[in-house]
Amino acid sequence: MALRGYGFRVVRSAGAGSLADRLERFGFVKLEEIPGREIVFGLAGRFWRPDGGLRRLTREQFLAFAEEGSVKAAWNLQVLRTEESGTALSTETRVLCFGTAARRKFRVYWSLIEPFSGLTRLQLLRGIRREALRTARRQSGGNE
């Protein structure tokens with residue numbers, strides 16, 4: 001994502017709205033949200049192309065999307081209570097390829113970007129954790 005010029009800006013663009021707002025500006029569409037628990041975004045295109053071949057879609061268009069030679073991916077952030085005062089934040093991506101050629105191209109693409117995708121997710125999760133801890137300290141009257 002960062003190589004295309006939008007990944008790290010999505011994660012780090014302070015003052016630019018919520019994470020959901022930033023993701024939507026870069027082509028993701030919000031598919032579902034359970035406030036305070038989970039949010040799911042979608043993205044469709046030909047990710048292996050230099051520009052990502054991204055398609056700007058509404059939620060309904062994304063759900064119906066099945067263009068041969070393309071893929072669509074659904075990505076979530078989920079908050080789970082781990083104990084009385086603890087929580088865990090997780091993320092998962094699911095990809096659907098439309099056609100053999102898309103599946104083959106996506107496999108090659110994924111083999112190249114998987115390590116960077118993992119790093120981007122780790123930075124995203126760490127950033128969310130830092131912000132949650134800052135907010136908790138402010139609410140409890142502590143210093144940052």
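Because the model is predicted, local features require a pLDDT of at least 70 and side-chain atom pairs count only at pLDDT 80 or more, whereas totals for chains, interfaces and linings use all residues. Residues are numbered from 1 along each chain as its sequence is written, and side-chain values use heavy atoms, with hydrogens and water left out.

The protein comprises four helices and four strands, where helices (H or I, at least four residues) and strands (E, at least two) are DSSP runs numbered from the N terminus. Along the sequence these elements follow the order α-α-β-β-α-β-β-α. Of the 144 residues, 31% are buried; here buried denotes under 20% relative accessible area, exposed over 50%, and partly exposed the range in between (1.4 Å probe, protein chains only). The protein exposes about 9,400 Å², of which carbon and sulfur atoms supply 54%, as computed by the Shrake-Rupley method with a 1.4 Å probe. Among contacts (heavy atoms within 4.5 Å) with a separation of 6 or more, 48% are between residues 24 or more positions apart.

Side chains of opposite charge can pair when their charged atoms come close. Six salt bridges are present in the structure, each defined as a side-chain nitrogen of Lys or Arg within 4 Å of a carboxyl oxygen of Asp or Glu. One of them joins Lys30 and Glu33, with an N to O distance of 2.9 Å. Lys30 is partly exposed at 32% relative accessible area, as is Glu33 at 39%. In another, the closest N and O atoms of Arg59 and Glu32 are 3.2 Å apart. Arg59 belongs to helix α3 (residues 59-64) and Glu32 to strand β1 (residues 29-34), so this pair ties together parts that are 27 residues apart in sequence. Both partners are partly exposed, Arg59 at 30% relative accessibility and Glu32 at 46%.

A further salt bridge is found between Arg46 and Glu67, whose closest N and O atoms are 3.6 Å apart. This pair links distant parts of the chain, 21 residues apart: Arg46 lies in the loop between β2 (38-45) and α3, and Glu67 in the loop between α3 and β3 (71-83). Arg46 is partly exposed at 27%, and Glu67 at 30%. Together with Arg55, Arg46 and Glu67 are linked in a network of salt bridges.

In soluble globular proteins, nonpolar side chains tend to be buried together. A nonpolar core is taken as a set of buried Ala, Val, Leu, Ile, Met, Phe, Trp, Tyr and Cys residues joined through side-chain atoms within 4.5 Å. The largest such core has 17 residues, of which Leu23, Phe41, Phe47, Val71, Trp75, Leu77 and Phe106 touch the most other members. Elements α2 (19-25), β2, β3 and α4 (100-139) each give two or more residues to this core. Not counting residues up to four places away in sequence, the residues touched by Val71 include Leu43, Phe65, Val95, Ala102 and Phe106. A second, separate core of eight residues includes Leu31, Val40, Ala44 and Phe65.

The largest pocket has a volume of about 930 Å³. Pockets were identified on a 1 Å grid over the protein atoms alone, as open sets of points where a 1.4 Å probe fits, with protein on both sides within 12 Å along at least five of seven lines; lining residues have an atom within 4 Å of a point. Grid points are joined across faces, edges and corners, and the volume is the space filled by probe spheres set on the points. Of the 33 lining residues, Leu89, Leu124, Gly127, Ile128 and Arg129 are the closest to the pocket centre. Helix α4 gives the most to the lining, with 14 residues.
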